[in-house]
Amino acid sequence: MNRNFIFSIMALWLFASCQKVDISEYIGDNDNEETEGYELTFNIGRYEISDFEDSGANSNGAKGQMMKTRKAASEIGTVLNFAVFSGEEKIKTINQKSTDENFGSFTIALPEGDYHIVALVHSCSGNATVTQTDKITFPSNKVTDTFSHFSDITVSESKSIDIDLDRVVSMFRFTVEDAIPAEVEKMQFYYTGGSSTLNAESGFGCVNSRQTEVREITNRGAGQVFEVYTFPHETEDVLTMTITALDANGGEYAVKALSNIPIEYQKVTSASMPFFSGSSGSQSSSITLYADDAWKGEIIYQE
């Protein structure tokens, strides 16, 4: 190597040590230098499965085919949580709010290798806690309409990746058929049998939870609708629920207990019944149901 070149580099090094000058522009690229990795752009959305086309039955009595359309993340939730795992170790986290620019799209850099990724879109008051892929919790253990994705990826080049999310909750929809008295301020739903913690690998709930949801009264006329969510443990599960009408002081105005409520993965379970008519205290009832297509299906309760 040229002796003058060596002396020049040494002089620059000494000068930089005293003046804190960046000398990288004077030194050639090092092919062995470690880089951040390949750039991956993720686009988060989901496929919406519509009802069968109303195109009539064919000669075999079958209906048309189901249609699929993509929905943006902003149409299904207000919070996005994304995590990358290398083995059991979480190495990357991205959290977005629906008010952020480019909600549902982001770019990260990863070295070449194999990884697990988890993506969640929900509407909780804050971010989900994703420290492991098989036990994800949400703020205050509240469950909203939630969409999830888990998969393995191999990184060997820069590319764009579309992530499709699946709905991973069951919904219980309760319609009050009678007018809500002026003394009632809120409706409380206490239920067991589901889970407020998600296993993203399986898409099902992974603990036995006691869930409590309180809903404000927005319509005192007959037909007020309330909706609560849970992660079912399997494709089918059963809830036990106590619904309490609360007055302004938090006292019980009326109570109804529902037992053996079947719920199903990605389906709505609907109950419609009088809550206040002819009563001023606790009631208990058992209900039967049948299933019908909606959401991805709907279960209708009838007393």
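**Notebook: charges, backbone angles and burial**

I looked up H122 and found it buried, with a relative accessible area of 0% (buried means under 20% relative accessible area, exposed over 50%, partly exposed in between, with a 1.4 Å probe and protein chains only). I note that this is a predicted model, in which local features need pLDDT of at least 70, side-chain atom pairs count only at pLDDT 80 or more, and totals for chains, interfaces and linings use all residues. Residues are numbered from 1 along each chain as its sequence is written, and side-chain values use heavy atoms, with hydrogens and water left out.

**Entry on H122**

I placed H122 in strand β6, residues 113-122 (strands are DSSP runs of E of at least two residues, helices are runs of H or I of at least four, and both are numbered from the N terminus). I then followed the side chain of H122 to the backbone nitrogen of C124, which it reaches at 3.1 Å. I record this as a polar contact, a pair of N or O atoms within 3.5 Å; within protein, one must be able to donate a hydrogen and the other to accept it, and residues adjacent in sequence count only if both atoms are side-chain atoms.

**Entry on the loop between β6 and β7**

I located V130 in the loop between β6 and β7. V130 counts as buried, at 7% relative accessibility. I read the C-alpha separation of V130 and L120 as 9.7 Å, the two being 10 residues apart along the chain.

I found N141 in the loop between β6 and β7 as well. N141 is partly exposed, at 43% relative accessibility. Its phi is positive, about 60 degrees, although N141 is not a glycine. I checked this angle because most residues other than glycine have a negative phi.

**Entry on Q266**

I noted a positive phi near 65 degrees for Q266, again in a residue other than glycine. Q266 sits in the loop between β16 (252-264) and β17 (268-273).

**Entry on salt bridges**

I counted five salt bridges, each defined as a side-chain nitrogen of Lys or Arg within 4 Å of a carboxyl oxygen of Asp or Glu. One of them joins R167 to D145, with the closest N and O atoms 2.9 Å apart. This pair links distant parts of the chain, R167 being in strand β8 (residues 159-167) and D145 in the loop between β6 and β7, 22 residues apart. R167 is buried at 11%, and D145 is buried at 16%.

I also recorded the bridge between E213 and R215, whose closest N and O atoms are 3.1 Å apart. E213 is buried, with a relative accessible area of 6%, whereas R215 is partly exposed at 22%. For K267 and E264 I noted a salt bridge with closest N and O atoms 3.1 Å apart; both residues are buried.

**Entry on the surface**

I found a patch of negative charge on the surface, formed by E88, D114, D134, D152 and E201. Patches are made of residues with over 30% relative accessible area and no salt bridge, like charges being joined within 9 Å and nonpolar side chains (Val, Leu, Ile, Met, Phe, Trp, Tyr) within 5 Å. I looked at D152 in particular: it is found in strand β7, residues 147-155, and is exposed, with a relative accessible area of 55%.

How values were computed: Areas by Shrake-Rupley, 256 points an atom, 1.4 Å probe, with all protein chains shown as cover. Lys, Arg positive; Asp, Glu negative; His and termini not counted. Charge placed at Lys NZ, Arg CZ, Asp CG, Glu CD.
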